[in-house]
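Biologist: I am new to this model. Could you take me through its fold, one question at a time?

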2 protein chains.
Amino acid sequence: MMNSLGMHILVELFECDRDKLDDVPGIEEAMIKAAEASGATVVNTTFHHFSPIGVSGVVVIQESHLAIHTWPEYGFAAVDLFTCGTTVDPWVAYEYLKKALNADYGSTIEMRRGEKRLMKESSLVSDSIVK
Amino acid sequence: MMNSLGMHILVELFECDRDKLDDVPGIEEAMIKAAEASGATVVNTTFHHFSPIGVSGVVVIQESHLAIHTWPEYGFAAVDLFTCGTTVDPWVAYEYLKKALNADYGSTIEMRRGEKRLMKESSLVSDSIVK
C-alpha cells in the first residue's frame, strides 16, 4: 500500500542533444511514448515553441501529468513526472526520456506528494469534518 | 540576474474546502486567475474530472506551467508552480490559490531548476561543444 497520494520525480537532464531540445513534434512524441511506456493513459497534450528557441509542454495523463521545459542553448531540460496510483512507473518514463534526448547527465529527486498518514479521510465530499 | 533557468514551487494544501476540490470549472477558473495575478501569460489549459472524485489540470503559461491535482476525500491539493524569467512571481499564484481553495494549512518547497552557473551556454543550437 502506498503511503502517499502521488509520486513526483523532478528530473534535470544535462548535455542533451541541442537540436532535439528545439524540436516540438519530436519532444511531444517522446513525452507521449514515455508516458505510454510507463503504463500511463494519455488524456491530453499541449506543446509549444518558445521564441527564439526552446520547447514547453505537458502530457496530462489519467494518473496526473508529465511536463517538460527545454533550454537548447544550455543543452538542458527540466522534466516533471507526477503520477498517482500503483499502475504507473514514472522511472520508466525517466529512462525513456533520458535516451530520447541523448542526455549525458541527469539528476533526479523523488518526492512523495500528499502523506496519507497525516490526513483525515472522508468518504463524503461534504463531510462534517471540514465544515 | 537569476542564477537558475526556472523557479519551481511545490505546494501541498491541506484542509481545503472539499466541495471546491471537486469542482472542475471552479478549479480551472482559480488556476487561470492565479496565473494571471502572478503576471503570467496563459497559453493553454486542460482540466478533467476524476472518477469518482477529484480534479486534475494544467495551465500552460508562456513562462512554463501551473499544475494541480486534488483529492477531495482528503481535503488535499498538490500544486506545482513552475515559472521562468523575472516577470512572473509564482508566490502570488500560491497566495491566490490558498485563498481560493480555503486551505487551512499549506507547505511549500521552492526549488531552482537548472543551475546556470554549472552549464555551458551556446548561442547556436548545433554548437560544436555538444557534437
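This is a predicted model: local features need pLDDT of at least 70, side-chain atom pairs count only at pLDDT 80 or more; totals for chains, interfaces and linings use all residues.

Biologist: In what order do the elements of chain A run from the N terminus on?

Modeller: Chain A has two helices and six strands. Its C-alpha atoms fill a box of roughly 55 × 25 × 25 Å along the principal axes. From the N terminus on, the order of elements is β-α-β-β-β-β-α-β.

Biologist: Which strands are the edge strands of the sheet in chain A?

Modeller: The six strands make an open sheet with antiparallel pairing. Their order is β2-β3-β4-β5-β1-β6 in chain A. An edge strand pairs on one side only, and the edge strands of chain A are β2 (42–49) and β6 (105–115).

Biologist: What does the twist average from one strand to the next in that sheet?

Modeller: The sheet of chain A is an open one of six strands. From one strand to the next, its twist averages 10°.

Biologist: Which residue is the bridge partner of A:Val60 in β4(A)?

Modeller: Strand β3 (residues 55–61) and strand β4 (residues 64–71) of chain A pair in the antiparallel sense. Six bridges join these two strands. In β4(A), the partner of A:Val60 is A:His65.

Biologist: Which residue in β3(B) stands opposite B:His48?

Modeller: Chain B also has an open sheet, in the order β2-β3-β4-β5-β1-β6. There, β2(B) and strand β3 (residues 55–61) of chain B pair in the antiparallel sense over seven bridges. Opposite B:His48 stands B:Ser56.

Biologist: Why do α1(A) and α2(A) count as roughly antiparallel to each other?

Modeller: Helix α1 (residues 24–37) and helix α2 (residues 90–100) of chain A have axes 8 Å apart. They pack at an angle of about 150°. Angles over 145 degrees count as roughly antiparallel. The two helices are therefore roughly antiparallel.

Biologist: Right-handed or left-handed: which is the crossing of α1(B) and α2(B)?

Modeller: In chain B, the axes of helix α1 (residues 24–37) and helix α2 (residues 90–100) come within 8 Å. They cross at roughly 150°. The crossing of α1(B) and α2(B) is right-handed.

Biologist: How do the residues of the contact of α1(A) with α2(A) divide by class?

Modeller: From α1(A) come A:Ala30, A:Met31, A:Lys33, A:Ala34 and A:Ala37. They meet A:Val92, A:Ala93, A:Tyr96, A:Leu97 and A:Ala100 in α2(A). By class, the contact of α1(A) with α2(A) has nine nonpolar, no polar and one charged.

Biologist: Which residues does the cis peptide bond of chain A join?

Modeller: Most peptide bonds are trans. In chain A, A:Pro52 lies in the loop between β2 and β3. Omega is about 5° at the cis peptide bond, which joins A:Ser51 and A:Pro52.

Biologist: What is omega at the cis peptide bond that joins B:Ser51 and B:Pro52?

Modeller: B:Pro52 has its place in the loop between β2 and β3 of chain B. The bond from B:Ser51 to B:Pro52 is cis, with omega about 0°.

Biologist: What is the phi of A:Glu15?

Modeller: Most residues other than glycine have a negative phi. A:Glu15 sits in the loop between β1 and α1 of chain A. Although A:Glu15 is not a glycine, its phi is positive, about 55°.

Biologist: What kind of axis relates the two copies?

Modeller: A rotation of 180° superposes chain A on chain B, with 0.0 Å of shift along its axis and an RMSD of 0.0 Å. The two copies are thus related as by a two-fold rotation axis.

Biologist: Why can one say that the copies meet through the same surface?

Modeller: Look at the interface residues of chain A. Of these, 98% are also interface residues in chain B, so the copies meet through the same surface.

Terms used. Residues are numbered from 1 along each chain as its sequence is written. Chains are lettered from A and ligands numbered from 1 in the order in which they are written. Side-chain values use heavy atoms; hydrogens and water are left out. Axes are lines fitted to C-alpha atoms, for helices over the stretch in contact, and angles run from 0 to 180 degrees between N-to-C directions. Helices (H or I, at least four residues) and strands (E, at least two) are DSSP runs, numbered from the N terminus. A crossing is left-handed if the near helix is turned anticlockwise from the far one by less than a right angle, and right-handed if clockwise. Copies are superposed by least squares on the C-alpha atoms of residues with pLDDT of at least 70 in both. Contact means heavy atoms within 4.5 Å. Two strands pair if DSSP finds at least two bridges between them. Angles under 35 degrees count as roughly parallel, over 145 as roughly antiparallel, 65 to 115 as roughly perpendicular and the rest as oblique. Ala, Val, Leu, Ile, Met, Phe, Trp, Tyr, Cys and Pro count as nonpolar, Asp, Glu, Lys and Arg as charged, and the others, Gly among them, as polar.
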